[in-house]
Amino acid sequence: MTHLNRLLPGLQPLLKYQAANWPHDFKAGLSVAAVAIPVAIAYAQLAGFSPSTGLYASILPMVVYALAGTSRQLIIGPDAATCAMIAAVVAPLAAGNSGLYLSFTIALTLLTGLFCIAASFLRLGGLADFLARPILVGLLNGVSISIMIGQVGKVLGSKPQATRFFRQLVEIPELVLQAHWPTVVLSGGCVLVMLLMPRVSKRVPASLVTMILAGLAAYLLRLDQMGVALIGPVVSGLPDLEWPDLPLHEVGDLAGSAAGLSLVLFTSGMLTARSFAERNGYDIDVDREFAAFGMANIASALSQGFAVTGADSRTAVNDANGGRTQMVSIIAALAICLLLLVGTGSLAWLPIPALGVVLLFASWSLLDMQVFRRYHQIERGALVLGAITMLGVLAFGAIKAIMLAVTLALLMFIRRVARPALEELVTVPQRAGLYNHQFFPEAEAIDGLLLLRFCGPLVFFNAGHFRNEVHHAIARQKAPVERVVLDLIPVTNLDITGIDTLERLDAELAAQGIVLTLAGRQIEFERWLETTGHPDESLRQRAYPTMRQAIRQWRGRDELVSASQLEDDKESA
């Protein structure tokens with residue numbers, strides 16, 4: 001039983017389900033289904049599938065995640081970013097063959113699930129943190145813009161020819177001239193409903209009302225006879241469960257895309273799961289979640305669906321309607337099953353322009369351009385990452401853009417670690433502790449004493465940079481420097497190259513009549529010397545537990561720096 005609970009952490013809460021939660025979970029489950037049905041159909045259209053395929057991807061994956069996930073509220077389902085990535089990966093391989101398109105998509109979903117499970121066994125849940133927030137923002141913005149541009153032809157009733165973003169952008173004026181006016185009128189009505197419904201009632205999903213009204217209009221006014229495109233007949237019944245065939249000759253191409261897709265869907269899903277877990281006061285296991293996402297995607301592949309992830313809009317609906325347990329996912333999945341069994345006839349009248357409008361609004365909700373202004377004010381590097389990812393999605397597609405952005409992020413990280421800052425520290429009147437001189441340029445250094453802090457490990461790839469920065473800091477001083485005190489507290493690691501560099505720096509400073517003193521991490525420094533077998537004892541004798549004691553030794557015990565300025569517990573302010 002213990003192993004089963006470890007494999008399916010959501011099973012035990014369901015077996016011990018409390019009846020008091022049922023009214024809340026039932027209401028939330030129906031609300032989630034009401035949002036999931038139109039969104040799944042719209043995303044299926046986006047990815048190039050039939051509506052039933054989108055609904056298939058919303059049934060078994062939800063049930064599997066309810067059993068295998070550690071989040072009580074996360075709802076698994078189709079997502080705009082994953083659908084756009086699937087279309088970008090599979091379309092070139094299928095070359096217009098619809099049968100191959102579905103086959104490759106199911107194979108891609110299966111491989112994505114296997115990658116997620118393998119990552120869970122290797123405890124790689126922390127990998128999601130390497131897909132930095134600016135990269136995800138850029139990804140979602142790029143996907144949002146590309147989806148919105150891709151819906152222009154649907155809402156206008158035109159027939160676009162371009163498939164790449166920038167060509168689609170240029171093609172828009174021509175699509176406007178070719179607009180089918182009954183389609184434009186219907187799309188305008190759908191836009192109006194989507195805008196007004198949140199003001200009328202925030203509890204009733206605007207997308208569901210839009211779909212129902214558009215379907216009724218199509219049926220009553222026979223819009224198909226006016227040339228308005230409809231979804232058409234939808235296959236009824238539940239999906240057959242079967243192991244998908246893996247096209248061995250394409251596995252190499254699919255595997256790389258599956259690895260990127262698994263990282264993206266897991267990271268985006270974790271952002272949603274973590275935010276709602278923090279809001280409701282519980283924790284989630286990221287490695288366990290990786291496995292749960294993998295099992296959900298394998299379940300989707302087995303049931304003729306496509307890749308799924310945590311859906312922020314449906315999770316928000318769950319939370320807003322008081323959902324308390326994983327039972328919400330099971331209720332929502334059963335409601336979708338009921339629709340497939342008895343209600344597919346009504347789906348045939350859904351107008352494609354209405355789906356385009358729903359996708360437009362869904363994509364608009366993902367778009368966040370204001371965050372770039374914040375990145376510009378706080379960290380230019382984040383702005384560069386986000387902008388490159390967004391433009392890369394538009395120009396090359398999501399997978400290539402993510403790989404480019406992750407590579408750039410790693411290079412920026414390496415540069416930051418290889419070139420840490422060397423701060424000059426000063427005392428400030430009326431303030432306790434030591435401060436970066438950049439923040440208090442008017443503060444004067446202690447006569448003859450230069451206090452330095454190296455903000456990073458002192459190892460082989462930055463030791464030369466450290467030595468040069470110390471010499472530059474000495475050269476910048478107006479008064480002669482007699483002693484340099486190096487704060488070792490931020491130095492998280494010191495290898496043999498770092499110790500040799502300290503010895504060389506010590507000799508170079510001694511030749512200039514300057515004494516090098518070390519402060520902080522005294523025990524660690526002594527052990528570093530012992531571990532590396534360093535013969536020099538002079539540095540050991542000039543190592544002090546704190547910056548305050550190093551300064552005391554310099555000023556003499558009768559000329560202590562004011563205790564209000566150099567309190568031990570505040571000297572690293």
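The following questions and answers concern selected residues of a predicted model. In this model, local features need pLDDT of at least 70 and side-chain atom pairs count only at pLDDT 80 or more, while totals for chains, interfaces and linings use all residues. Residues are numbered from 1 along each chain as its sequence is written, and side-chain values use heavy atoms, with hydrogens and water left out.

Reader: Is Ala44 buried or exposed?
Author: Ala44 lies in helix 3; helices here are DSSP runs of H or I with at least four residues, strands are runs of E with at least two, and both are numbered from the N terminus. Buried means under 20% relative accessible area, exposed over 50%, and partly exposed in between, with a 1.4 Å probe and protein chains only. Because its relative accessibility is 0%, Ala44 counts as buried.

Reader: Which residues is Ala44 in contact with, leaving aside its neighbours within four places in sequence?
Author: Contact means heavy atoms within 4.5 Å. With those neighbours left aside, the residues in contact with Ala44 are Phe49, Ser50, Pro51, Gly54 and Phe306.

Reader: Which elements do the buried residues of helix 15 pack against?
Author: Helix 15 covers residues 312–320, and Arg314, Thr315, Val317, Asn318 and Asp319 are buried in it. These buried residues pack against helix 3 (22–47), strand 1 (76–77), helix 13 (251–280) and helix 16 (327–342).

Reader: Which residue with a positive phi follows helix 15?
Author: The phi of this residue is near 85°. The residue that follows helix 15 is Gly322.

Reader: How far away is the nearest side chain of opposite charge to Asp495?
Author: Asp495 sits in the loop between strand 6 (483–487) and helix 23 (496–511). Lys and Arg count as positive and Asp and Glu as negative, with His and the chain ends not counted. A salt bridge requires a side-chain nitrogen of Lys or Arg within 4 Å of a carboxyl oxygen of Asp or Glu. Asp495 is buried yet has no salt bridge, and the nearest side chain of opposite charge, that of Arg419, is away by 13 Å.

Reader: Which backbone nitrogen does the side chain of Asp495 reach?
Author: The side chain of Asp495 reaches this nitrogen at 3.2 Å. The nitrogen belongs to the backbone of Thr497.

Reader: What distance separates the C-alpha atoms of Leu529 and Asp495?
Author: Leu529 is placed in helix 24 (residues 522–532), and at 2% relative accessibility Leu529 counts as buried. Leu529 and Asp495 are 34 residues apart along the chain, and their C-alpha atoms are separated by 9.4 Å.

Terms used:
A polar contact is a pair of N or O atoms within 3.5 Å; within protein, one must be able to donate a hydrogen and the other to accept it, and residues adjacent in sequence count only if both atoms are side-chain atoms.
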